Amino acid sequence: MEVNPPKQEHLLALKVMRLTKPTLFTNIPVTCEEKDLPGDLFNQLMRDDPSTVRGAEILMLGEMLTLPQNFGNIFLGETFSSYISVHNDSNQIVKDILVKADLQTSSQRLNLSASNAAVAELKPDCCIDDVIHHEVKEIGTHILVCAVSYTTQGGEKMYFRKFFKFQTDEVFLEAQIQNITTSPMFMEKVSLEPSIMYNVTELNSVNQAGECVSTFGSRAYLQPMDTRQYLYCLKPKKEFAEKAGIIKGVTVIGKLDIVWKTNLGERGRLQTSQLQRMAPGYGDVRLSLEAIPDTVNLEEPFHITCKITNCSSERTMDLVLEMCNTSSIHWCGISGRQLGKLHPSSSLCLALTLLSSVQGLQSVSGLRITDTFLKRTYEYDDIAQVCVVSSAVKVES
């Protein structure tokens with residue numbers, strides 16, 4: 001077994017952060033009456049909490065601000081703002097740096113870069129900063145594509161790009177159903193009828209002692225003004241998933257069928273129109289995960305299976321795979337091996353071996369695929385997560 005040392009592929013590092021206003025931090029009050037067992041303990045804890053407002057501890061009010069932890073949702077009519085920074089992590093002077101930011105919507109691709117001119121040079125430990133803005137006028141998925149090209153001291157032209165998008169074929173649909181009548185309602189049926197391209201799995205029940213039990217309990221009644229959330233998972237059928245480019249753009253995923261009865265036995269039915277989603281774009285090369293264990297032992301090799309797809313409809317690619325170690329994930333095998341030519345709209349499966357040196361939930365990262373024809377490198381980080389436990393804990397297969 002050969003373990004590859006950590007390797008940095010590019011001289012420049014790209015950071016993208018959404019610019020948005022912070023929100024007020026709100027605490028969840030937990031209190032009780034003084035005659036209860038905890039006595040005044042809960043109230044005293046709320047009074048000592050620095051995030052609460054003095055004299056109004058039991059109200060969900062706060063004086064502290066919370067910074068956003070992710071890109072979050074962007075609503076129609078809002079202005080999307082993002083901060084882009086390219087930093088020279090190396091000890092070399094990099095020349096002819098060009099940073100391009102595009103926003104892909106369901107109908108068009110917009111260039112958001114403030115300037116299309118290349119920066120002559122970037123010294124070590126220096127950075128290029130840019131702020132982009134876009135007023136959201138379309139409903140659907142928006143994909144931010146950031147591309148960076150530059151020239152090294154040796155005259156080699158380098159290029160990489162990052163996509164800020166969803167990385168899975170699975171579609172999770174949540175349907176919220178509320179009884180807005182004045183009497184209880186018996187929910188006879190709530191189902192999702194998928195389109196011809198998808199298979200559906202209902203996530204509204206759990207397996208207990210070999211029996212399927214509803215997450216809503218044994219009673220199927222919905223009281224007035226009550227709301228239930230129904231969750232479904234859709235996966236593309238094999239014949240569609242294997243053909244790159246078919247499931248893209250706006251696709252139909254299915255329709256909801258809801259059947260209920262009133263307290264007097266009157267039956268009602270509602271069937272929605274076809275529900276649509278904006279399928280994510282994956283660029284020219286797509287990497288998807290076919291198989292990975294949920295739990296592995298610390299410092300013991302485990303295997304994963306990846307599928308690499310040429311999403312181009314015209315161009316054959318000659319691919320090279322590099323595996324870069326992280327602080328916790330270490331790849332086993334030879335890095336920089338040739339994968340060979342991959343024809344348009346075709347795929348290949350790849351079995352890889354790796355191990356983790358850190359316990360806990362670890363992210364599988366560090367795969368780099370280079371198209372030698374265009375000298376274009378595609379980076380794949382946060383491919384999946386795996387739970388790493390001590391070797392003393394037996395992992396069930």
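**View 1. Leu367 and the residues around it.** Leaving aside neighbours within four places in sequence, Leu367 is in contact with Leu287, Cys306, Leu321, Glu322, Met323, Trp331, Leu352, Tyr378, Glu379, Tyr380 and Ile383, where contact means heavy atoms within 4.5 Å. This is a predicted model, in which local features need pLDDT of at least 70 and side-chain atom pairs count only at pLDDT 80 or more, while totals for chains, interfaces and linings use all residues. Residues are numbered from 1 along each chain as its sequence is written, and side-chain values use heavy atoms, with hydrogens and water left out. Leu367 belongs to strand 29, residues 367–371; helices (H or I, at least four residues) and strands (E, at least two) are DSSP runs, numbered from the N terminus. With a relative accessible area of 1%, Leu367 is buried, a word that stands for under 20% relative accessible area, whereas exposed stands for over 50% and partly exposed for values in between (1.4 Å probe, protein chains only). From C-alpha to C-alpha, Leu367 and Asn325 are 8.8 Å apart in space, although 42 residues separate them in sequence.

**View 2. Two nonpolar cores.** A nonpolar core is a set of buried Ala, Val, Leu, Ile, Met, Phe, Trp, Tyr and Cys residues joined through side-chain atoms within 4.5 Å. The largest one has 27 residues, and those with the most contacts inside it are Ile304, Ile308, Leu321, Trp331, Leu352, Leu367 and Ile369. A second, separate core of 23 residues includes Phe80, Ile97, Leu144 and Tyr150. In soluble globular proteins, nonpolar side chains tend to be buried together. Of the 397 residues of the chain, 37% count as buried.

**View 3. The aromatic pair of Phe216 and Tyr230.** The whole structure holds 2 aromatic pairs, counted when the ring centres of Phe, Tyr and Trp (its six-membered ring) lie within 6.5 Å, with planes under 30 degrees apart called stacked, over 60 edge-to-face and the rest tilted. Phe216 and Tyr230 form a tilted pair, at 4.8 Å centre to centre and with 55° between the planes. Because Phe216 lies in the loop between strand 15 (211–214) and strand 16 (221–222), and Tyr230 in strand 17 (residues 227–236), the pair ties together parts that are 14 residues apart in sequence. Phe216 is partly exposed at 26% relative accessible area, while Tyr230 counts as buried at 6%. Arg228 lies over the face of Phe216, at 4.6 Å from the ring centre; a charge sits over a ring if NZ of Lys or CZ of Arg is within 6 Å of the ring centre and within 35 degrees of the ring normal.

**View 4. Two loop residues with positive phi.** Most residues other than glycine have a negative phi. Met225, in the loop between strand 16 and strand 17, has a positive phi near 70°, and with a relative accessible area of 51% Met225 is exposed. Asp382, in the loop between strand 30 (376–380) and strand 31 (384–389), has a positive phi near 50°, and Asp382 counts as exposed at 52% relative accessibility.

View 5. Cys146 counts as buried at 1% relative accessibility, whereas Cys212 counts as exposed at 64%. A search of the whole structure finds 0 disulfides, a disulfide being a pair of cysteine sulfur atoms within 2.5 Å.
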